[in-house]
Amino acid sequence: MAISKMSKIIGIIAEDASDVDVISSILCKYVDRNSFSIKKFVGNGCGKLRNKCEIWVANLFQSGCHHVLVFHDLDKNDETDLRTMLESKVSQLKFPKSLIVIPVEEIEAWLLSDENAIKDVFSLKIKPKRINDCESIKSPKEHLENLVWSAEKKRYLNTTHNKKIAEKTSIDNFRRCHSFIAFDEYVKKSIFKLNTKK
């Protein structure tokens, strides 16, 4: 795909490739896909991401990225402690055009926000019950797997289905997740400088 010279180059650091796919799909909801390109580092787990994130952020900026987004699932960690640790490596002072995003508990919680998207992706006969507080769900990835299996004995694979669910999930539903809000604001105001409510 040809990328315009005026397009933004966005760096993404995440725990696995499916997270990068989800984030890329969400970014496409704000602007046309031709308006940005992605450079990435994938930790294949949180340990490597924590150890390498500072040098990865530096490398992404050195390679031409305009902004860098660091995604780390909260899992069972204390959010304040995790954010403090990540900010000690990726500080605003050193990397002012960066953002640390901590989905609660996992990025799959964001995907639970749109029951219509889940129904469509898995061709379910009955729409799943709406979850009022997706970030209160323990082990969202497992919850999504069990939801799809119990509905119609279909198998959920995050590597295959997360991107598809993200593509169909509305921004308004993503905004129901508290941990999405700072990301949403940063994308609109800092990355793409949008003046609309989009």
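This is a predicted model: local features need pLDDT of at least 70, side-chain atom pairs count only at pLDDT 80 or more; totals for chains, interfaces and linings use all residues.
Which residues are linked in a network of salt bridges?

Residues are numbered from 1 along each chain as its sequence is written, and side-chain values use heavy atoms, with hydrogens and water left out.

**Stop 1: the sheet**

Switch to a cartoon view and look for the four strands of an open sheet, in the order S2-S1-S3-S4, with parallel pairing. Strands here are DSSP runs of E with at least two residues, helices are runs of H or I with at least four, and both are numbered from the N terminus. Two strands pair if DSSP finds at least two bridges between them.

Now select 36-42 and 98-101, which are S2 and S4. These two stand at the edges with a single partner strand each, so one side of each has no neighbour in the sheet. Going from one strand to the next, the twist averages 20 degrees. Angles run from 0 to 180 degrees between N-to-C directions, and the axes are lines fitted to C-alpha atoms, for helices over the stretch in contact.

Next, pick residues 8-14, strand S1, which pairs with S2 in the parallel sense over seven bridges. Click Gly11 and then look across to S2, where Lys39 is its bridge partner.

**Stop 2: helices across the sheet**

**Stop 3: Asn173**

Zoom in on helix H8 (residues 171-174), where you'll find Asn173. Is Asn173 buried or exposed? Its relative accessible area is 11%, so Asn173 counts as buried. The cut-offs are under 20% for buried and over 50% for exposed, with partly exposed in between (1.4 Å probe, protein chains only).

Show side chains, and you can pick out a polar contact of 3.1 Å from Asn173 to Asp114. Another, also 3.1 Å, joins the side chains of Asn173 and Arg130. A polar contact is a pair of N or O atoms within 3.5 Å; within protein, one must be able to donate a hydrogen and the other to accept it, and residues adjacent in sequence count only if both atoms are side-chain atoms. Setting aside neighbours within four places in sequence, Asn173 is in contact (heavy atoms within 4.5 Å) with Ser113, Asp114 and Arg130.

**Stop 4: salt bridges**

A salt bridge here is a side-chain nitrogen of Lys or Arg within 4 Å of a carboxyl oxygen of Asp or Glu, and the count comes to 13.

Start with Arg83 and Glu79, which meet at 3.8 Å, N to O. Both sit in helix H3 (residues 79-89), four residues apart, about one turn of the helix. Arg83 is partly exposed at 25%, and Glu79 is partly exposed at 33%.

Lys188 forms a salt bridge with Asp184 at 3.4 Å, N to O, and one with Glu185 at 3.1 Å, N to O. Asp184 is buried too, whereas Glu185 is partly exposed at 27%.

Finally, select Asp172, Arg175, Asp184, Glu185, Lys188 and Lys189 together: these are the residues linked in the network.
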